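Here's a quick tour for anyone meeting this protein for the first time. Have a look at the model below, then read on.

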Amino acid sequence: MTWKQMFTSSIGQKFVMAITGIFLITFLVVHVGLNACIWANDNGEMFNTGANFMASMLVIRIMEVVLFAGIIIHTIQGLVLTAANNSKRKVGYAVEYGNRGSKWYSRSMGLLGTLLLLFLIMHIYHFWVPSRLGGIANIKPLQEIDYSNGLGKQYHNLYLEMIQVFQNPLIVILYVLGCISLAYHLMHGFESAFRTIGLHNNRYLKMLRHLGRGFAIIVSAAFAMMPISIYLGWVK
Ligand code: HEM
């Protein structure tokens with residue numbers, strides 16, 4: 001398959017969606033794991049140390065560029081596929097199968113992806129922009145640490161940023177809605193991505209489906225509990 005076919009043929013497009021999707025899933029595992037450190041209830045010490053250690057590693061900084069490229073490619077390709085699917089069949093089927101053919105969220109991946117994109121724009125504005133572009137300056141660094149690679153001597157208090165952002169109930173609600181969109185997007189996306197790369201052996205299909213649903217629910221619920229627990233003062 002040529003590079004052109006990869007982005008223009010329907011199988012190539014599905015493959016690109018699967019590879020970028022699996023990459024984004026691995027990012028979510030790291031992200032939710034690191035963020036879960038806020039529940040250590042140590043005034044953000046563990047979370048800030050982890051976040052700043054990650055930010056100081058050159059390889060993570062390079063992966064960040066790959067991550068943003070992955071998000072952009074996944075989004076554009078997803079919108080192209082959704083538009084192609086919508087234009088293929090203008091007249092509905094004579095028999096309406098409703099949920100028997102496929103679940104509503106499998107048929108709404110474009111919509112769920114768009115909601116997630118809106119969530120991500122808000123989210124990047126809340127954390128990534130102040131952290132990378134200096135808007136976090138009003139937050140006192142916890143301590144100075146000198147990483148051996150010479151990078152990242154500034155110690156951002158991202159934990160305090162979280163505490164401040166999640167004092168607003170409207171923002172907490174928008175985050176929870178974002179996490180619900182993520183849950184449904186992953187509920188179909190996880191299984192679909194692994195099927196596309198060839199994991200559709202009958203023996204493993206059921207396992208993959210359960211794994212996908214479990215992952216979608218656990219990861220999204222953990223993310224949603226973060227703004228909720230901060231807002232309700234469960235995290236100190
Ligand atoms: C709802 C709970 C969440 C919290 C409290 C949270 C917190 C954060 C924080 C503090 C950062 C900044 C990290 C830094 O600048 O070093 C960040 C970055 C980011 N988050 Fe989240 N996040 C949450 C959910 C999500 C979800 C559900 C997604 C994806 C769907 C996501 C995607 C991202 C991305 C793409 C970045 C920028 C990447 C980077 O900093 O390298 N986050 N998040």
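What share of the contacts in the protein with a separation of 6 or more comes from residues 24 or more positions apart? That share is 74%, where contact means heavy atoms within 4.5 Å.

## Ground rules

This is a predicted model, so to speak of local features takes pLDDT of at least 70 and side-chain atom pairs count only at pLDDT 80 or more, while totals for chains, interfaces and linings use all residues. Residues are numbered from 1 along each chain as its sequence is written, and side-chain values use heavy atoms, with hydrogens and water left out.

## The overall build

The protein has 9 helices and 0 strands; these are DSSP runs numbered from the N terminus (helices: H or I, at least four residues; strands: E, at least two). Of its 236 residues, 38% are buried, meaning under 20% relative accessible area with a 1.4 Å probe, counting protein chains only.

## The core

The largest nonpolar core has 41 residues. Such a core is a set of buried Ala, Val, Leu, Ile, Met, Phe, Trp, Tyr and Cys residues joined through side-chain atoms within 4.5 Å. Ile-38, Phe-47, Phe-166 and Phe-223 touch the most other members. Helix α8 gives the largest share, 10 residues.

## The cysteines

Cys-179 counts as buried because its relative accessibility is 7%, and Cys-37 does too because its value is 16%. A search of the whole structure turns up 0 disulfides, a disulfide being a pair of cysteine sulfur atoms within 2.5 Å.

Notes: Buried < 20%, exposed > 50% of the residue type's maximum accessible area, 1.4 Å probe, protein only.
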